[in-house]
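Welcome, and thanks for taking a look at this one.

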Amino acid sequence: MGKNKKKKNAGHSLADAVRGVKKITQKKLNPFEVKFNKQKHNVLGKKMLKKDVGLPGVSKSKANKKRQETLLQEYKKRGKANLFVDRRLGETDPNLTIEDKMLQRYAAEKQKSHDRSTSRYSLNSGEELTHYGQSLSQLEKFEAPRHSDSEDEDEGRITGKMVAEEHFGGFLTQKEFMDRDSEKTWKERMEETIAKSKKAKYDRQVEKDKTIEVTDKLDSDWQELRMLIGGIKKQSKEVEKPKSDDYDVMVRELQFEITGKASDRMKTEEEIAKEEKERLDKLEADRRLRMKGISIETGAVQHRSADDLDDGMDYEGGDNTPGYVVYKDGKLVNSDDEDDDDDAAAEEEDDKDGDEGESDNEDAEAGEEDASDGDEEDEDSYDDIDSDDPDSGDDVNPKETLAKQSKILKPLDPKKKQEVIEKASKELPYVFKAPDSFEEFMRLIEGATSKDQVTIIERIRKCHHVSLAEGNKEKLKTFSSILLQYLGELAMQPKLDLDLIDSITRHIYSLNKQFPQFLGETMSAVLIECVEAFTSHAERHGGRGVFPTLDTVFYLRLIAVLYPTSDFQHHITTPAMLFMGTILAKSPVKNLTDVASGLYLCTVFLQYVSLSKRYIPELINFLRGILALGVSTKKRKADDVLPPFRPVGPGTDLLNVTKDDTRKTEVGPLKFQTIFCGEDMSEISKRPEQSIEIRLSAINTSLHLLEDCVEKYNDLESFREIFTPIYSLLKRLPVKFYPASMKEKCSKLVQTLDTRFTKPRQYLTMVKKKPQPLKTFEPKFDERFDARKKRAGTREENESQRLIHKHKKELKGAVREIRKDAQFLSRVQLKEKLDRDQERNEKVKAIHQMLASQEGDFKALKRKKNSL
Amino acid sequence: MGKKFQKSFSSKSNIEAIKQSGKEFLSDRKHSNHLVDILTKLESEETDVQLVCVRVLHKIFNQLLASQQMCLQQADTDKDKDVTSEGKYSKWLKERYADAIQQLLGLISSEQSNLQELSLCTLMKFVASEGQNPLTHTQATHLTFPVVLFEMILGKLLSQQQNMSSLIGRFQEYVEYDDVRYFVLKTLRKQLKDSSIKKTDIFLGNVFCMLELMKVPEVKEDQLLDNFISLKPGPECVTKVTTRKEQQKIFTSAWLEFLQNKLTMSLYKKVLIILHEKVMPYMTTPVLLADFLTQSYNIGGAISLLALNGLFILVNKYNLDYPEFYSKLYSMFEPGVVHAKYRARFFHLADIFLTSTHLPAYLIAAFAKRLSRIALTAPPCGSSIILQFIYNLLIRHPNCRVLLHRDNQQEEFDLTTDPYNINEQDPAKSRAMDSSLWEIKTLQQHYNHNVANQAKRCDYPLAHTESDFGEILETTILQLIEKETSKKIKEGIPTNFEEPKSLVMDIASGQLWDFSS
């Protein structure tokens, strides 16, 4: 194509040649040759696609021409092995004149002879010599050489000394090698060598730079000097600025001086409270969502500022804070009540500065280093606790000084020293190793009072704060599981130390904040253990369970403390609730202890659903059973109770009160300690006086729980069905023997139930489905039309679809081409055949003609003869 | 210590001696008296010695039986006078054989289980050997099974004082033989009919264990049974043993005889559990069980629950007409049913009974209502089953869908109470169709999310196909808990955001509990 253009341009003027390209494209189309595909709908503004318009005649002829050039040539050459190549110069180009041809031939001849003369051995060829790609002729400019290569090369080489020492194992200087490098390995020696030569190179470079610098300076000096010598004084171009006087400076300064600085406004009390409330509101909203079973896509764990969380938190709940750990230069120095405030203050300062470093020098100067600093994720900040009064005195506690002295001030007179040691020995140690096992922990706290135990636990946590050392995270994790175990252990003690238990609970709570994942797993493992103990007992006793011991109850309670129990589904609370349900459904009530522990479990369970108000059939069944125990056997019906309670049998009138007990006006609450760890209840039940009291308390408690249930389940559709059996039992209770308060409670409950039973209800209807809209024939408008087909599949699918389609298209095209080739060939062959036939016919005709004329001649001759 | 050692040493030497004498006895008749020694040593108190004695006796008599040395000619017994020494010897041997059998029978009721087993096996081996080589020559047409010996063994096995269930379990391998089975059944029937035998609970337990093992093999109508422990009877001889029908007959009568006795509760349950699987298929006319099953069905509780299965088979396959079957079934749906041990079986059967789509809608509605009431008091597993059950019922019976969805709210009913009356025994009169399944709506607030989610399905149109609840039938609470805890803890496990004050005292209703000590 390009050639054609040139050829055509040859005839035009130069200007035409410049514009030539345009001219070609503006070739006139014969309108009769253009063919349009008919459009079904004419869309305005739509571009005519390539497939819609074409020049069939032109393209056909083009294709035919191409075939004639290629396929036809091949066809003609079929069966021919040789090829005739025309290498004559200028013969193929018809445009060349004879002179040009001759010139070309001459040039070629010359070239040939020249090539022959310049053999590869001839040295005196006209080639240019180069050095590093530069012509030598250009190099020889005689400019001042900056440096001498030869010198450098000399220096770059390894010195003879080194060669002697290092090469060939240094046999030339054996002695020196022996004493100096006897310990060094070969590798080390080689490295040394390399380092040496590198250093030498560097030195050289430095020297060179210095030389250049000096030279430059010399040059410039010379220039100046020359100017002086020449006496030609150039006018300095720089105009010296007039020096501004003090007044101007002052004015300018005053102009730009900042009159007031914008600073972060102090938040008012209300604002802080509001923020806190907002935060709590948000958390509450999240909880509600989870209660409904809608998951929140939060992604990462929410970050809460350490300040936020524990603001106003009364951690120690009083003055039982014996001390805090204080560090100096990474070593623990002392701790005390007073420090604590300092710590808190220090930390607050830290937080303000946004300094999250591990330690602060200033703190260290003050002799204290903050043990727990703001870690990114952990919310624990014990140091904030008790920081309510910021004006804590700088006065130093005597104890602190003593401890400080014992560590810091070395020289002490022996007497004083003795004193200190004695005091110190009475004190608890300040550094505790994190226990690796429960046994180790038990050894640590052996003999310590509960107050000291709290201190120990605290100190262990302080000493192993996550920010202090690498492995502390793991240690604290182990420690948290140990604490869990210890909690269970404490629950099994004959005498409950509720204060200790509570403070351990708080520790576990804050550890849970730190390691939610780990403690979650541990907690669920503990729960599974409890469940398995229960089920294995049940299996051994024919499916009958037993009310759990106090440790299990505590764990269940702890779960409610640590985790949101209102969640629709929760990893730990859900199984815990299932477990409690199972206990209530499977454990038969045999004595007063069972009644009491069952009731406590009910209390815990109800607390679980206090927010979500979920329905617990097992709990209702249990309370129903308890009430039935209070009804005398004569009034009992068979369908009063459900398993595990039995309608008849021993112990079915466990809570029945027959004697008049109205003397006592008030019923006390059930005594937790006596139930779970006090004396044997079976003994109590023998003593009628106490037994009756406990019976009444139990009934009272269950009435109370029932009231709670009634409130909670008020909105349930089957409220009446749920509470009808209880209602009938309530009516049969021997109320006349009850004290007045209970009597009142009972009648009030009956009344409430009476009124709530008549709540009207509605038939169930399903959620209405949206009606399906009828199909319309209106055009559908696309809001964002981009005239592109949208593919539904993924990227890969679309790609493969596209490839398949392309392949199909190509295949069709290829088949079409082949078919056209075949048609072309057959056309050619037909033409050949026709040509041949025609030729033969002509020949035959000619022969016929010749013969006819011959015959005619002969006949004419004959006739002539005859006529003659 | 020394004494003990001596004892063990002596017993060891004893054992060796017994083995030796057994060998000598077999090798030469000179040592015939060894047999008497061995028999006396069988009474020893040491188990080891006894075991060895049993083994040696086993070897000796097996060989004697195989070589037919004890076999007396019919003629010999007649002529007492000129008995040959050979005859005398075999007679003597036979007497010893009888002694040995007596002693072994005694050992069956011993305390040592391995001794029991060994003696039982030995005796059964004798039975087999005797069957192969009968002591007395008889015609080929007769069966050669040693009935007398076998009855004696069975008599011991079906003891009235001792629970033989483990030993009877060992007996199973012999029951495979057709003749053994036949004679077991025959003996059982005889013993059960025998009024002189006191039918103690232990005896009945043993009988049950034995009966449980019985299985009449499946063969074609005209084919004869041919798996015999004794000599096979000739083809021309047609006895009762060889036909399947006869075996079935005797099987049936033995079972019926057994069921007439007063069974203990646990045994009763066991019988009912296996009845439909292991008994009914082998009986000639299972309808004969109808009386028994009907009685059991009327007892109530777990028993009637279990009888249900057998009864259903009778109704379904054997065309038993059982009036008011469904109203009885209806009355069986009680709140206790979800707590029962046989909950899964019950619901499985109930599902089968209510499969038919031709049951009236009022009946289905009544069942659905009653079930939903039960679900209100059921544990989570039970609730899941019941909810699925109800959904399946409603899918099967589109007429009952009014229970979940009523378009035009009819005002004529007083809806302060549920129109459905749970105390009405007749499902037709319970007015279930006028009610709605409010209980399911209530369960949407269930504390377990599985149940709640399931209950929430009632708000939307029901699925078109029933879902199989076979899986949830067997789910225990432990599995549920494990399923919950085995879920992987996600990164952000939600925790409480309020600092706890106390572990125990935090509970809102503080006035209920006094935590002070």
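Predicted model: local features only at pLDDT ≥ 70, side-chain atom pairs only at ≥ 80, totals over all residues.

Chain A has 868 residues and chain B has 517. Between the chains, 83 residues of chain A are in contact with 62 residues of chain B.

**Chain A on its own**

- Chain A contains 32 helices and 7 strands.
- Buried residues make up 24% of the 868 in chain A.
- If you take the contacts in chain A between residues at least 6 apart in sequence, 67% of them join residues at least 24 apart.

**Chain B on its own**

- Chain B contains 23 helices and 1 strand.
- Of its 517 residues, 38% count as buried in chain B.
- Among contacts in chain B with a separation of 6 or more, 71% come from residues 24 or more positions apart.

**A helix pair in chain A**

- To find the pair, look for helix H22 of chain A at residues 516-540 and helix H24 of chain A at residues 573-586.
- Their axes come within 11 Å and cross at roughly 20°.
- Because angles under 35 degrees count as roughly parallel, H22(A) is roughly parallel to H24(A).
- The crossing of H22(A) and H24(A) is left-handed.
- On the H22(A) side, the residues that meet H24(A) are A:Leu527, A:Cys530, A:Val531, A:Phe534 and A:Ala538.
- On the H24(A) side, their partners are A:Pro575, A:Ala576, A:Phe579, A:Ile583 and A:Lys586.
- Sorted by class, this contact of H22(A) with H24(A) has 9 nonpolar residues, 1 charged residue and no polar ones.

**Where chain A meets chain B**

- The contact between the chains involves 83 residues of chain A and 62 residues of chain B.
- Which helix gives the most to the side of chain A that touches chain B? That is H22(A), with 9 residues.
- By class, the side of chain A that touches chain B holds 39 nonpolar, 27 polar and 17 charged residues.

Conventions:
Residues numbered from 1 in each chain as written. Chains lettered and ligands numbered in written order. Helix = DSSP H or I, 4+ residues; strand = E, 2+ residues; numbered from the N terminus. Buried ≥ 20, exposed ≤ 12 C-beta atoms within 10 Å, placed from the backbone. Contact = placed C-beta atoms within 7 Å. Axes fitted to C-alpha atoms, helices over the stretch in contact; angles between N-to-C directions. Parallel < 35°, antiparallel > 145°, perpendicular 65-115°, else oblique. Left-handed = near helix turned anticlockwise from the far one by under 90°. Nonpolar A, V, L, I, M, F, W, Y, C, P; charged D, E, K, R; others polar.
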